[in-house]
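This report examines selected local features of a single model. Please consult the sequence and structure shown below while reading.

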Amino acid sequence: MNRQAQWESSLSFIFAMIGAAVGLGNIWRFSYVVYSNGGGSFFIPYFCAILIMAIPFLILEYGIGFKFKKSFSNILKSINPRFEIIAWILVLLVFVVTIYYIVILSWDFIYFISSFNFTWGANTANYFTNFVGGSSNLANVSFLLLPTSIAVGVLWFILWIISRKPVDRGIGLVSKILIPSLFIIMAIIVLYSLTLPGASIGVDTLLKPNWKTLLDINIWLAAFAQIIFSLSMGQAIALTYASYLPENSKLIDNVFVVVFSNSFFEIFTAFGVFSILGFMSFTNNVAIEKLISEGTGLIFIVFPRIFNVMGSFGRILAPLLFLAILFAGITSALGFFEPILNTISNKFNWTRKKTSGILCILGCTFSLLLTTGISSYLVGIIDSFVNQFGILLLIGIQSIVFGYFYGVEKILPILNQNSTIKVGKTWVFIIKYFLPVVLIGMWVIGIIKLFSNASLFEVIIDLIIVFCVLLSSIILTKTKISDKTKFIIIIF
């Protein structure tokens, strides 16, 4: 029988949760979202989203996980056996996130190594396309980007080494080391960046408010979307981690610590990002608008080009930046991996070591399929579909399941028992009435945008994901564990 794991203290849980929340999106996505959605005025819908969605939903996840102390599938099964398939769909989608997330992290790993001698050269876009991330040219699907393939193997091995250990000696210990290191490294980068010539140009560009945007519903949706993906809401990560908490834990207090830490990190990092962009604009007489990019374009093309002209300081900042991204990525990948690891382990009564080994082999195999010459194109397709179609919908469904079919009122005593901050009727109203409407509404708008300009190839990839996830979920839901079943699974 698989014994339920447990953190030795709430501190391990907090560091693990911060590690799961603080990831690639905080470093390369948030600053672009702020800039493109009203600048300084964006912080109004941003903080509203934190107060009326992020905090309430995370409190729900902490409370449910702590009360049941079961895997996600067993929690939904205990509420209603028909809901078990919902859990499998979600944890499998989050496993898909882990698969492509490791690929993105492999790009950063390559750039971290390259940052010591600036292997990317003067044409940074060409380096990324030909050696690391590939392009959208489907003719390039026939070959592998070997450096990326090797980096993927290394990162999955690291994930296996950490995840196979008990949570406190694996994820907990690593998070306690990497998260403080990440914050220190990023503090060095940001504080130095603020002293660069032209830094004020970047900061002013970032924070310049456009108050008219507050009347645009899309700006509010962008704020809610940023919070959902930034904090990995509803992906069974918080619920799974909370199920490992010891008794007498201050659940609501922990939510505020994690949310504050995540928001502080991404806001603080945005100042560094735009300070560096301002420096490039100032020293090279280039309009800062031409430098601003989102995601991979910013980190793997624009920033290396900036480091090239920074002189000796660029030689220091470059390794620090890519190391920070690596630390943030590893702790987030562990968070994405944990729900499927915990759920499979409990389903088949396997040890953590065995489950981790099998899943890492499967995950590495699928990640390698994403290291062809169209790597970045494939990752972009899968990322958009899984988040906008699958996970967002399932977050809304969770708020309905826990709000109505289970009844969130049942966990109020558990939430308030040891917490300094208390919740009551307002929190219940948000979970039962407000969040389902907002989340399902966001899902509908997201689906319209997702498929309005989708190519045939993109639709095919999306359908393959749907088919594989649904088929696997049905099989896992229907599978009943017996001695014969165990024997067949072991042979497989």
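Is arginine 352 buried or exposed? With a relative accessibility of 15%, arginine 352 counts as buried, because the cut-off for that class is under 20%. The model is a predicted one.

## Salt bridges

Side chains of opposite charge can pair when their charged atoms come close. The structure contains 3 salt bridges. In one of them, arginine 352 meets glutamate 338 at an N to O distance of 2.7 Å. This pair joins distant parts of the chain, with glutamate 338 in helix α15 and arginine 352 in helix α16, 14 residues apart. Glutamate 338 has a relative accessible area of 1% and is therefore buried.

Helix α15 also contributes lysine 347, which is paired with glutamate 84 of helix α6 (residues 84-114) across 263 residues. The closest N and O atoms of glutamate 84 and lysine 347 are 3.4 Å apart. Glutamate 84 is buried at 3% relative accessibility, and lysine 347 is buried at 13%.

A further salt bridge connects glutamate 409 with lysine 432, where the closest N and O atoms lie 3.3 Å apart. Glutamate 409 belongs to the loop between α17 (375-407) and α18 (412-417), whereas lysine 432 belongs to helix α19, so the pair ties together parts that are 23 residues apart in sequence. Glutamate 409 is partly exposed, its relative accessible area being 38%, while lysine 432 is buried at 14% relative accessibility.

## Packing of α4 and α19

Two packed helices are described by the angle between their axes and the distance between the axes. For α4 and helix α19 (residues 425-452), the angle is about 115° and the axes are 10 Å apart. The crossing of α4 and α19 is left-handed.

On the α4 side, the contact is made by Ile52, Met53, Pro56, Phe57, Ile59 and Leu60; α19 supplies Trp427, Ile430, Ile431, Phe434, Leu435 and Leu439. The residues of this contact comprise 12 nonpolar, no polar and no charged.

Most residues other than glycine have a negative phi. Lysine 69 is located in the loop between α4 (43-68) and α5 (72-79), and its relative accessibility of 24% makes it partly exposed.

Asparagine 349, likewise not a glycine, has a positive phi of about 55°. The loop between α15 (312-348) and α16 (352-369) holds asparagine 349, which counts as partly exposed at 31% relative accessibility.

Methods:
Residues are numbered from 1 along each chain as its sequence is written. This is a predicted model: local features need pLDDT of at least 70, side-chain atom pairs count only at pLDDT 80 or more; totals for chains, interfaces and linings use all residues. Side-chain values use heavy atoms; hydrogens and water are left out. Helices (H or I, at least four residues) and strands (E, at least two) are DSSP runs, numbered from the N terminus. Buried means under 20% relative accessible area, exposed over 50%, partly exposed in between (1.4 Å probe, protein chains only). Axes are lines fitted to C-alpha atoms, for helices over the stretch in contact, and angles run from 0 to 180 degrees between N-to-C directions. A crossing is left-handed if the near helix is turned anticlockwise from the far one by less than a right angle, and right-handed if clockwise. Contact means heavy atoms within 4.5 Å. Ala, Val, Leu, Ile, Met, Phe, Trp, Tyr, Cys and Pro count as nonpolar, Asp, Glu, Lys and Arg as charged, and the others, Gly among them, as polar. A salt bridge is a side-chain nitrogen of Lys or Arg within 4 Å of a carboxyl oxygen of Asp or Glu.
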